[in-house]
Amino acid sequence: MNENINKTALFNASCFALITTAFTFAIRAGILPELGVKFDLNAEQLGFINSMWFLGFPISMILGGLFYHKIGPKLIMQIAFLSHTLGIIMTIYAGGYNSLLISTLFIGFGNGCTEAACNPMIADMYSGLTMNKMLNRFHMWFPGGIVLGSLISKFMTDFGLGWQLQMWVLMIPTVIYAVLFFGKAFPKPTVEGVTSISSNIKALASPVFIFLFFCMALTAISEFGPQQWANIVLSSTGASGMLILALTTGVMAVGRFFAGPVVKTLGQTGVLLGGSIFATIGIYMFSVVTGPSAYLAAIVFAIGVCYFWPVMVGAVAQRVPLSGALGMSIIGGVGMFSTAIFQPIIGRWIDVSRANKLAEGFTGDALELAAGQATLLRMVSFPGILIVLFIIFFIWQKNTKSTEAVPTAH
């Protein structure tokens, strides 16, 4: 049924759509200081603008998952293109705080549509180990796009090219994915019964899905929490925050490209368990090292978290197939919600640590470093809990491990 579709074109279009998502993450971060000056915004207002990105993302992911089999990936990607275009143009011509809030919400909504449409579409085009490999190669373009977007933003800023021009750059991958998707036939579901919402919801109540749901909340914050805060904390030690970010996302992109043989050798459960161990070591290193040693910590951390997101999505597609697009969207959504929920908690940890270290006599950069590293040490608990959970999952799923390489019927 899916033999006549142009898998290469659809997959490449999906990758450019995810590059758009990554660019919105990186370039908007790069222009944030300029937006603050241009519109006289304080840090709290800039924070609320950023939160719209994370809010729009899970909303459209879950809606897309609910209606995926009713309206199909083609319409969802048309909505993504419209949302991205509106968000980009509204940002370029923004008049102030309120319009920036709305434009960022549109961009986040478009990003979520991309995940909602492309994850199940790729799962329908491929199967078994090939599906795992292609999902990882698709998700490679989020860290890969962040590296590219960060460099573009830095280059343009250094040469005095303003934030409006940088926002126009976002339209390049947006137009490319629209052109690649245009006129293409899209794949049909490959699992019988997956188009039934009642079957999807019933599958969500399965022990495996519930287990993965809670694990996803921890894998997401293990990835995004330290990645955001370590850059800031370690910048005061002589390490470059931008280089730490580039190293982390660069290693993640390379790791995801070569995910096929890694998943084949270790299986999904082995990859998740191994990742949690490396992530725990990497975050602990962030909490104790200073200067150039932070770059080694970034590499270890990146090896740990690089497979979390795509393998978790692949685990739902493969181990809870009747959950369909809804299951994959909910897993992605809980990852984003977890990131949003834990950010203020991490911020509170930093405030408490700062007060404690101030009482101990720390001041200036030494105070910020001590408070930040104490907070990073607390973050070790996220992947630390995952080690226990994924050992349980490894043992639990051991008897079904052999099915990972068996293709489903197409």
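Where is the place of Val208? Select Val208: the residue lies in helix H9 (residues 207–234). Helices here are DSSP runs (H or I, at least four residues), numbered from the N terminus.

Before moving on, some ground rules. This is a predicted model, where local features need pLDDT of at least 70, side-chain atom pairs count only at pLDDT 80 or more, and totals for chains, interfaces and linings use all residues. Residues are numbered from 1 along each chain as its sequence is written, and side-chain values use heavy atoms, with hydrogens and water left out.

**Stop 1: Val208**

Stay on Val208. Its relative accessibility is 14%, so Val208 counts as buried. Buried means under 20% relative accessible area, exposed over 50%, and partly exposed in between (1.4 Å probe, protein chains only). Now show its partners. Setting aside neighbours within four places in sequence, Val208 is in contact with Arg319, Val320, Phe393, Trp396 and Gln397. Contact means heavy atoms within 4.5 Å. Draw a distance from Val208 to Phe393: the C-alpha atoms are separated by 8.8 Å, and the two residues are 185 apart along the chain.

**Stop 2: Ile387**

Select Ile387 in helix H16 (residues 381–396). Ile387 touches Leu273, Ser276, Ile277 and Thr280, not counting residues up to four places away in sequence.

**Stop 3: Phe39 and Trp163**

Show the aromatic side chains. Rings of Phe, Tyr and Trp (its six-membered ring) pair if their centres lie within 6.5 Å; planes under 30 degrees apart count as stacked, over 60 as edge-to-face and the rest as tilted. By this rule there are 19 aromatic pairs. Zoom in on Phe39 and Trp163: the ring centres are 5.9 Å apart and the planes stand at 65°, so the pair is edge-to-face. This pair links distant parts of the chain. Phe39 is in the loop between helix H1 (7–38) and helix H2 (43–92), while Trp163 is in helix H6 (residues 163–169), 124 residues apart. Both Phe39 and Trp163 are buried.

Next, select Phe25, Trp53, Phe57, Phe142, Phe224 and Trp309. These form one aromatic cluster.

**Stop 4: Asp40**

Step along to Asp40, in the loop between H1 and H2. Check the backbone. Most residues other than glycine have a negative phi. Phi of Asp40 is near 55°, a positive value in a residue other than glycine. Is Asp40 buried or exposed? At 68% relative accessibility, Asp40 counts as exposed.

**Stop 5**

Select Leu100 in helix H3 (residues 97–125). Its relative accessible area is 0%, so Leu100 is buried. Leaving aside neighbours within four places in sequence, Leu100 is in contact with Arg28, Leu35, Phe39, Leu41, Ile49, Thr91 and Ala94. Leu46 is 9.4 Å away from Leu100, C-alpha to C-alpha, and 54 residues away in sequence.

Now select Gly56 in helix H2. Gly56 counts as buried, at 0% relative accessibility. Beyond neighbours within four places in sequence, Gly56 is in contact with Leu105, Gly108 and Phe109. Met121 is 65 residues along the chain from Gly56, and their C-alpha atoms are separated by 21 Å.

**Stop 6**

Two packed helices are described by the angle between their axes and the distance between the axes. Axes are lines fitted to C-alpha atoms, for helices over the stretch in contact, and angles run from 0 to 180 degrees between N-to-C directions.

Colour helix H4 (residues 128–139) and helix H13 (residues 308–319). Their axes come within 9 Å and cross at roughly 145°. On the H4 side, the contact is made by Gly128, Met131, Asn132, Leu135, Asn136 and His139. From H13 come Trp309, Pro310, Val311, Val313, Gly314, Ala317 and Gln318. By class, that contact has seven nonpolar, six polar and no charged residues. Ala, Val, Leu, Ile, Met, Phe, Trp, Tyr, Cys and Pro count as nonpolar, Asp, Glu, Lys and Arg as charged, and the others, Gly among them, as polar.

H1 and H4 pack at an angle of about 35°, with their axes 9 Å apart. Here Phe11, Ser14, Cys15 and Leu18 in H1 meet Met134, Arg137, Phe138 and His139 in H4. The classes are five nonpolar, two polar and one charged.

End on Arg137. Its charged end sits over the ring of Phe257, 4.1 Å from the ring centre. The rule asks for NZ of Lys or CZ of Arg within 6 Å of the ring centre and within 35 degrees of the ring normal.

Methods:
Helix = DSSP H or I, 4+ residues; strand = E, 2+ residues; numbered from the N terminus.
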